[in-house]
Amino acid sequence: MADKSVLIVEDEDNFARALEIILTRHGYATHRASDGDAALTALNDNPPALILLDVLLPNRSGFEICQTIRQTPHLQDTRIVMMSARNGQAEQRKGMAMGADAFLNKPFPTSDLLSLIDELTGKDTHA
């Protein structure tokens, strides 16, 4: 069975809460970090199957966190979906170059998010 845990790293409280509700209803266990330092602590304490990672965060950027994950042996297999409200191609290219598995521009359709997470975590959507 695929691991269904998702760490949401988002400093905008209302958006983070909405993501938690959506993912919980879709069968995922969620945890949340609201800044870069808290994200790294949460990753080391209980590595999730996937991290939803905002680019702009207090303390450390999503890019820094992504790079750290990819350089940390026990976290290297963690799937990373980066998110940004800036909608810039340069940000998207940088995120993918840092090791993100996917990049979503905010706002995004819930169906796109869920399909992407299901695909990256290997969740059987027909179960």
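User: What makes the contact between Asp13 and Arg32 a salt bridge?

Analyst: In this predicted model, the closest N and O atoms of Asp13 and Arg32 are 2.6 Å apart. A salt bridge requires a side-chain nitrogen of Lys or Arg within 4 Å of a carboxyl oxygen of Asp or Glu, and therefore the pair qualifies. The two residues come from distant parts of the chain: Asp13 lies in helix H1 (residues 13-25) and Arg32 in strand E2, 19 residues apart.

User: Why is Asp13 called partly exposed?

Analyst: Its relative accessible area is 31%. Buried means under 20% and exposed means over 50%, so a value in between is called partly exposed.

User: How many salt bridges does the structure hold?

Analyst: The structure holds eight salt bridges. Among them is the one in which the side chains of Arg60 and Asp37 meet, at 2.7 Å from N to O. Arg60 sits in the loop between E3 and H3, whereas Asp37 belongs to helix H2 (residues 36-45), 23 residues apart.

User: What makes the meeting of Arg70 and Asp101 a salt bridge?

Analyst: The N to O value for their side chains is 2.9 Å, and the cut-off is 4 Å, so the pair meets the criterion. Arg70 is in helix H3 and Asp101 in the loop between H4 and E5, 31 residues apart. Asp101 counts as partly exposed, at 26% relative accessibility. Elsewhere, salt bridges that share partners join Glu10, Asp54 and Lys106 into one network.

User: How do you know that strands E4 and E5 are paired?

Analyst: Pairing requires at least two bridges between the strands. Strand E4 (residues 79-84) and strand E5 (residues 102-105) have four, in the parallel sense, and they therefore count as paired. Within this pairing, Val81 stands opposite Ala102 in E5. The chain passes from E4 through helix H4 (residues 89-98) to E5, a β-α-β crossover that is right-handed.

User: Which strands does strand E1 join through bridges, and in what sense?

Analyst: Four bridges join E1 (residues 5-9) to strand E3 (residues 50-54), and the two run parallel. Val9 has Leu53 in E3 as its bridge partner.

User: Why are E2 and E5 called edge strands?

Analyst: The open sheet has five strands in the order E2-E1-E3-E4-E5, with parallel pairing. Strand E2 (29-33) and E5 each pair on one side only, and are the edge strands. Neighbouring strands of the sheet are turned by 20° against each other on average, direction ignored.

User: Where do helices H3 and H4 lie relative to the strands?

Analyst: Helix H3 (residues 62-71) lies across E3 and E4, running at about 170° to E4. Helix H4 lies across E4 and E5, at about 155° to E5. The protein has five helices and five strands, and from the N terminus on its elements run β-α-β-α-β-α-β-α-β-α.

User: How do you know that the radius of gyration agrees with a compact globule?

Analyst: For 127 residues, a compact globule would have a radius of gyration near 14 Å; the protein has 13 Å, which agrees. The C-alpha trace spans about 40 × 30 × 25 Å along its principal axes, and 44% of the residues count as buried.

How values were computed. Residues numbered from 1 in each chain as written. Predicted model: local features only at pLDDT ≥ 70, side-chain atom pairs only at ≥ 80, totals over all residues. Heavy atoms only, no water. Right-handed = clockwise from strand over helix to strand, strands pointing away. Axes fitted to C-alpha atoms, helices over the stretch in contact; angles between N-to-C directions. Contact = heavy atoms within 4.5 Å. Buried < 20%, exposed > 50% of the residue type's maximum accessible area, 1.4 Å probe, protein only. Rg over C-alpha atoms; globule rule 2.2 N^0.38 Å.
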